[in-house]
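Morning, everyone. I have one model to go through today, so please have the sequence and the structure open while I talk.

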Amino acid sequence: MLEEYKQKYTKPVIQYSVLEPNGLVLESDNGLFENFEKKNISDIHPFFETIIPILGESIEKETIFSCVHLNIESKEIISDIILQTFKNNKKPLLVIQDLTTHYNNYQTTAQVRNESVINSQILELKNTYLKEKEAFKNTFIANFSHELRDPLTGILTFSNILSKTKLDPKQKDYIQILNSTSSFLKKMIDDILDISKIESGKLDLSIEPFNFKKLLDEIKFNYTIKAKQKGLEFNYNYDHKLPEVIGGDAKRLRQVITNLLDNAIKFTHNGSVTFNVSLNQIRAQKASIHFEIIDTGIGIKEENFEDIFTSFNQVNKNESYKGTGLGLAIVKYLVELTNSKIKVVSNYGKGSTFSTNINFISNPSLKVTKEIDATKVVFNPSKKYNILLVEDSEIIQLSVLKILATRGQFFLDIVSKPEEVLTRMVDYDNEVDLVLMDIKLKEHRGDEIARQIRKLPEPHQRKVPIIAMTAKVFKEDLKLYKKAGINEVLKKPFDENQLLEIIAKHLE
Amino acid sequence: MKISKKIVLLGHFGVGKSSLIRRFVENTFSENYKVTIGVHIFKKNVEIPEKDTDVSLVIWDLEGNDDINNTRLSYLIGTNAFIYVYDVTRPATYENLQAEIDFLKEKQKNTPIKVVGNKNDLVTKAFLKENNDNFGRLTDLYVSAKTGNQVDFLFSKLAESLL
């Protein structure tokens with residue numbers, strides 16, 4: 001019975017063939033393929049063509065070829081092939097073992113494994129490529145905006161100086177246009193630099209006490225004028241329960257609010273812009289403050305709610321709405337840095353409301369450092385100060401010269417090479433009181449020169465206040481300047497007030 | 001005159017060895033990736049009119065390996081020439097190029113090796129130039145199984161060189 005079943009159900013998986021050394025098949029059991037006999041093995045499949053030389057070897061040797069795909073007479077198998085040669089001219093033996101099922105299972109596993117490895121390699125490459133592209137973009141933006149800063153400082157300084165001269169009403173109008181367009185340009189450059197900092201993860205918030213009420217009052221003052229210029233009503237609602245002094249990043253808070261207000265005014269042609277600030281709660285020395293900006297402008301379609309916060313994206317393509325499309329992207333990022341969210345509700349064609357809740361430190365002991373009003377800065381009238389300007393840009397040289405000349409209390413020396421700086425520093429007859437140092441000089445770096453100043457032998461020489469003037473103010477740049485002994489950084493483009501303020505602070 | 005030569009294609013998995021052979025033998029290409037296990041053997045005649053010869057190329061398409069040391073050595077027996085293929089877009093496939101070539105030279109002394117960068121349709125000439133130190137200096141030919149670029153040239157020149 002068993003023999004009967006075996007004969008009926010056993011499927012042959014092996015074929016044995018005896019060959020001549022030249023490949024002619026002498027005998028075959030037709031286990032897998034028929035019609036092998038009397039044929040030359042090399043005519044049956046190209047695989048065998050390449051094993052003919054082995055058949056002629058008259059030595060006792062077993063050669064195994066694993067996992068060979070054979071396609072013979074329309075039958076496809078995956079097999080292990082064993083070739084056995086013998087001594088004494090005994091005929092070689094060819095064994096073909098069908099292992100198709102086994103190898104197909106292996107193929108499935110290999111397919112999954114290889115695809116997964118390849119996909120992860122491709123993903124890694126894409127990531128590297130994106131990172132390189134991002135780094136290139138950020139470096140390009142940083143360099144490009146840096147190059148714009150010197151001429152912009154010149155425009156800001158000289159339009160300011162010009163506005164203080166005797167002008168007829170028409171000329172005053174022209175100056176005003178010059179001021180507002182250069183301020184707009186400055187804001188765009190600042191936005192582009194901010195977004196490059198944001199996208200490279202280099203923007204952090206500082207926490208310092210500041211006069212919150214004063215900041216809001218200034219914003220209210222400026223935007224009442226801006227709204228009025230566009231024929232809009234500006235409403236400001238301030239919650240009197242709000243603390244006057246809070247701890248947080250005043251500069252970035254101002255940026256969030258002004259970006260939202262600028263956006264509201266830009267897209268509103270009739271009606272009003274309302275700015276509400278209220279206290280949610282104060283708990284555990286933290287004040288949660290609600291900010292809300294409501295406009296009666298053109299509104300946003302719901303499907304565009306996410307897009308408006310994407311950098312370089314302006315949902316409204318109308319060319320009359322100028323800008324870089326960065327304002328709201330910066331707002332979103334800054335708000336998220338405070339672990340909060342910006343919310344938008346809009347009725348297309350009727351207006352929008354942007355709101356957020358931001359936490360600040362609220363502690364009765366918080367005190368604001370006294371701010372210097374540069375316009376009221378009074379330097380010691382009995383003294384004239386020696387300022388050394390290390391700068392190779394003629395525009396900046398002239399700007400600083402003009403600003404300091406208005407005060408009549410400064411002697412200004414201008415140099416641009418390290419050896420000139422050091423020679424000037426050791427001039428005992430005219431001790432330098434303060435150094436204004438450009439960082440990116442044509443052939444040298446300002447921070448390197450600062451290091452050399454800090455190594456001078458005389459204490460009054462090496463301890464001179466050094467103010468860096470630069471547009472490169474990334475976190476790692478600031479660390480580098482500090483390490484080089486630079487006292488403070490004046491960011492380009494700067495105006496008269498900023499320059500005098502920083503000089504006054506370090507000459508005190 | 002008709003002669004037969006065994007050509008073995010090796011390299012990492014997914015570099016396009018099977019695609020190159022399919023392009024050469026059948027003039028087809030598929031975007032689908034099917035892993036080769038073991039070895040597939042193909043045959044194609046190449047006419048060399050200048051020498052009035054037909055070369056029958058028996059082409060062994062070996063399973064890809066990320067380490068050439070794992071290659072089954074029996075596959076290499078009687079090889080007349082190797083084509084070592086890598087993928088110009090995947091550094092993992094050419095990171096150890098020199099070591100892989102050295103392995104072949106050691107196992108099959110005096111057997112010619114052609115080093116081929118596949119998928120050149122996916123990169124620019126500038127990219128290839130930039131990568132001269134990575135793979136360029138060791139490469140004989142850049143090809144594309146997808147477009148067919150330089151594939152026939154690769155096999156026919158190799159066949160001719162074996163005469």
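A:Asp190 and A:Lys186 both sit in α6 of chain A, residues 169-199, and they are four residues apart, about one turn of the helix. Before going further, note that this is a predicted model.

What do the side chains of A:Asp190 and A:Lys186 do? They meet in a salt bridge, with 3.5 Å from N to O. As a general point, side chains of opposite charge can pair when their charged atoms come close. On accessibility, A:Asp190 counts as buried because its relative accessibility is 17%, under the 20% cut-off. A:Lys186 has 23%, so it counts as partly exposed.

Now a second pair in chain A. A:Arg445 and A:Asp447 form a salt bridge through their side chains, at 3.0 Å from N to O. A:Arg445 is partly exposed, with a relative accessible area of 36%. A:Asp447 is buried, with a relative accessible area of 2%.

Over all chains, the count comes to 27 salt bridges.

Where is A:Glu303 placed? A:Glu303 is in the loop of chain A between β10, residues 286-295, and α9, residues 327-337. Its relative accessibility is 60%, so A:Glu303 counts as exposed, the cut-off being over 50%.

Another glutamate to find is A:Glu132. This residue belongs to helix α5 of chain A, which covers residues 100-163. With a relative accessible area of 52%, A:Glu132 is exposed. For a sense of distance, take A:Glu132 and A:Ala284: they are 152 residues apart along the chain, and their C-alpha atoms are separated by 44 Å.

Chain A is more spread out than a compact globule, because its radius of gyration is 40 Å, well over the 23 Å that the globule rule gives for 508 residues. Taken along the principal axes, the C-alpha atoms of chain A fill a box of roughly 120 × 65 × 50 Å. Of its 508 residues, 44% count as buried.

Then chain B, which has four helices and six strands. From the N terminus on, the order of elements in chain B is β-α-β-β-β-α-β-α-β-α. What radius of gyration would a compact globule with 163 residues have? The rule puts it near 15 Å, and chain B has 15 Å, so the two agree. The box for the C-alpha atoms of chain B, again along the principal axes, is roughly 45 × 30 × 30 Å. Of the 163 residues of chain B, 53% count as buried.

Conventions. Residues are numbered from 1 along each chain as its sequence is written. Chains are lettered from A and ligands numbered from 1 in the order in which they are written. This is a predicted model: local features need pLDDT of at least 70, side-chain atom pairs count only at pLDDT 80 or more; totals for chains, interfaces and linings use all residues. Side-chain values use heavy atoms; hydrogens and water are left out. Helices (H or I, at least four residues) and strands (E, at least two) are DSSP runs, numbered from the N terminus. Buried means under 20% relative accessible area, exposed over 50%, partly exposed in between (1.4 Å probe, protein chains only). The radius of gyration is taken over C-alpha atoms; the globule rule is 2.2 Å times the number of residues to the power 0.38. A salt bridge is a side-chain nitrogen of Lys or Arg within 4 Å of a carboxyl oxygen of Asp or Glu.
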